Amino acid sequence: MTMKSSASSPTGKNKAVFLDRDGTIIEDKIYLNDPEQIVYLPKVFEALRLLRDQGYIFLIATNQSGVARGIVDINNLHEIHRRIRARFSQEGVDLLAFYYAPYMTHTDHPLRKPNPGMLLRGALDYNVNLSQSWMMGDRMIDVEAGHRAGCRSVLLGDRETPEGSIYAPPEICSPSLYEAAPRMTSP
Ligand SMILES: [Mg+2]
């Protein structure tokens, strides 16, 4: 008899939480380029442990136009992601992959949110059932990327609101990851 992974859904696929980085798991420093400047948002570790225990896997999807602008050094970006992954690992949370879109805002590149390319790539790489998955972020472009990928979406914080957005509203609005987590049940 084999133990079935808690991350497996009835379809045999994983359910995932795709996470924005800046303003979602760490403070948004606007073009963070210094690994020493990483500041984790309150209760993010507790929040992801709750979601882990619901069977979700975690993939990061972050727009990084600062790379295209020459403000963010690619080696620093990789070091920032290495440190974030190591810290979450210490906290019992496995961030499986960091997808980033190093393209300018105006490019409308398929990997740049609100386009769903990073989520679709993650779904292929990690055998994700998108209809059982969520995108979480602090901007309406995060919400839209989730919807375009076939996920449900959570809008965090008060930096942006659905009202007046050109994009469809999220399924959940929440002040924080931690408060959203108990509401993110499977369909
Ligand atoms: Mg953000």
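A68 lies in helix α2, which spans residues 65-68; helices (H or I, at least four residues) and strands (E, at least two) are DSSP runs numbered from the N terminus. This is a predicted model, in which local features need pLDDT of at least 70 and side-chain atom pairs count only at pLDDT 80 or more, while totals for chains, interfaces and linings use all residues. Residues are numbered from 1 along each chain as its sequence is written.

**Surroundings of A68**
- Leaving aside residues up to four places away in sequence, A68 touches P102, Y103 and M104, a contact being C-beta atoms, placed from the backbone, within 7 Å.
- The C-alpha atoms of A68 and R152 are separated by 29 Å, and the two residues are 84 apart along the chain.

**The sheet**
- Six strands form an open sheet with parallel pairing, in the order β3-β2-β1-β4-β5-β6, two strands being paired if DSSP finds at least two bridges between them.
- Its edge strands are β3 (95-101) and β6 (172-174), each of which pairs on one side only.
- From one strand to the next, the twist averages 20 degrees.
- Strand β5 (residues 152-156) runs parallel to β6 and is joined to β6 by three bridges, and L155 stands opposite C173 in β6.

**Helix packing**
- Helix α5 (residues 140-149) lies across β1 (15-19), β4 (134-137) and β5, running at about 170 degrees to β4; axes are lines fitted to C-alpha atoms, for helices over the stretch in contact, and angles run from 0 to 180 degrees between N-to-C directions.

Conventions:
Two residues are in contact if their C-beta atoms, placed from the backbone, lie within 7 Å.
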